[in-house]
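Me: I would like to learn how the words used for a protein model follow from their cut-offs. Could you take me through this one slowly?

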Amino acid sequence: MKKQQDLQNSKEIKLSDIKPILSRTDLKGTIKYCNKYFQEISGYSENELIGAPHNIIRHPDMPKVIFKLMWERLKQQQDILAVVKNLSKSGDYYWVTTLFETKYHPFTKAPEGYLALRKAAPKKAVEAVIPLYQKLVEIENNEGVSASEDYLYNFLREQNKDYDTYMKDLVNYKGFIAKFFEGMSKMFT
Ligand SMILES: Cc1cc2nc3c(=O)[nH]c(=O)nc-3n(C[C@H](O)[C@H](O)[C@H](O)COP(=O)(O)O)c2cc1C
């Protein structure tokens, strides 16, 4: 894996418009399954991924507050959508629209783990979140996560949107895109 200072020369990995990047975890975020396209894009083998914590592909440009929100939602068995920048093994990066969901045991119906469904993020969504995420990371480095959470909620208030509406609008979550995620989700009950 590249060191943080080497990431400045990293390249964006171009993603397929139609291939999903999928992973499943247990309730702690340990990877239990990932599809072939996940392995191809991340640069890790299935052996390296299964059993690894999901932050193996965490990019330092991602604000902590987005993952905080994600875990809070999942613990309440609520889905959450996010635009995520991920880090490949070689130090390159790729932007994905990600839907995080809880999956349940077929018989007991108890939460069993989580599923992440991903596809290439739209360019306009990436362009919109870059300055927001930069600001959030900067605040986190100087003042901590609760200050960045305040900033995020003020930002959303100024947009007159809650988090979900903001993300859905940003990634154009309707029509084909919504059907893509819903279809994928049904395949993984
Ligand atoms: C189903 C599932 C999928 C996840 N996918 C990603 C991902 O693609 N990229 C990522 O950085 N974190 C992902 N996470 C979150 C990580 O588990 C972790 O919370 C995050 O990378 C922050 O890591 P940190 O606590 O070391 O800062 C996922 C978690 C779950 C439950």
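**From values to words**

Reply: We can start with the record: the unreviewed UniProt entry carries the annotation "domain: PAS" for residues 26-77, with positions given in the numbering used here, feature names shortened, and the caution that annotations may be inferred rather than shown by experiment. The model is predicted, so local features need pLDDT of at least 70 and side-chain atom pairs count only at pLDDT 80 or more, while totals for chains, interfaces and linings use all residues. Residues are numbered from 1 along each chain as its sequence is written, and side-chain values use heavy atoms, with hydrogens and water left out.

Me: What makes up the span 26-77, in helix and strand?

Reply: The span is 44% helix and 8% strand, and its end C-alpha atoms lie 14 Å apart. Helices (H or I, at least four residues) and strands (E, at least two) are DSSP runs, numbered from the N terminus.

Me: Why is S42 called buried?

Reply: Buried means under 20% relative accessible area, exposed means over 50%, and partly exposed lies in between (1.4 Å probe, protein chains only). S42 has a relative accessible area of 0%, so it is buried. Q39 has 13%, and is therefore buried too.

Me: How do you know that Q39 and S42 make a polar contact?

Reply: A polar contact is a pair of N or O atoms within 3.5 Å; within protein, one must be able to donate a hydrogen and the other to accept it, and residues adjacent in sequence count only if both atoms are side-chain atoms. The backbone oxygen of Q39 lies 3.4 Å from a polar atom of the side chain of S42, and this distance is within the limit of 3.5 Å.

Me: Which residues is S42 in contact with, beyond its neighbours within four places in sequence?

Reply: Contact means heavy atoms within 4.5 Å, and with those neighbours left aside S42 is in contact with L49, I57, S88, K89 and Y94. K89 has 32% relative accessibility, so it counts as partly exposed. Q39, on the same terms, is in contact with C34, Y44, S45, E46 and L49.

Me: What makes a set of residues a nonpolar core?

Reply: It is a set of buried Ala, Val, Leu, Ile, Met, Phe, Trp, Tyr and Cys residues joined through side-chain atoms within 4.5 Å. The largest one here has 58 residues, of which L15, V83 and Y133 touch the most other members. Not counting residues up to four places away in sequence, V83 touches M62, W95, V96, A121, A125, V129, Y133, M167 and V171. In soluble globular proteins, nonpolar side chains tend to be buried together.

Me: Why is the aromatic pair of Y33 and F188 called tilted?

Reply: Rings of Phe, Tyr and Trp (its six-membered ring) pair if their centres lie within 6.5 Å; planes under 30 degrees apart count as stacked, over 60 as edge-to-face and the rest as tilted. A search of the whole structure finds seven such pairs. Y33 and F188 are 5.8 Å apart, centre to centre, with 45° between the planes, and the pair is therefore tilted. Y33 lies in strand β2 (residues 31-34) and F188 in the segment after α7 (175-187), so the pair ties together parts that are 155 residues apart in sequence. F188, at 15% relative accessibility, counts as buried, whereas Y33, at 29%, counts as partly exposed.

Me: How do you know that the charged end of K85 sits over the ring of Y93?

Reply: The rule asks for NZ of Lys or CZ of Arg within 6 Å of the ring centre and within 35 degrees of the ring normal. The charged end of K85 is 4.3 Å from the centre of the Y93 ring, and that of K119 is 5.5 Å from the centre of the F180 ring; both distances are within 6 Å. F180 also belongs to a cluster in which ring pairs link Y173, F176, F180 and F181.

Me: Why does F107 count as exposed?

Reply: F107 has 70% relative accessibility, which is over 50%, so it counts as exposed. F107 is found in the loop between β4 (93-104) and β5 (111-120).
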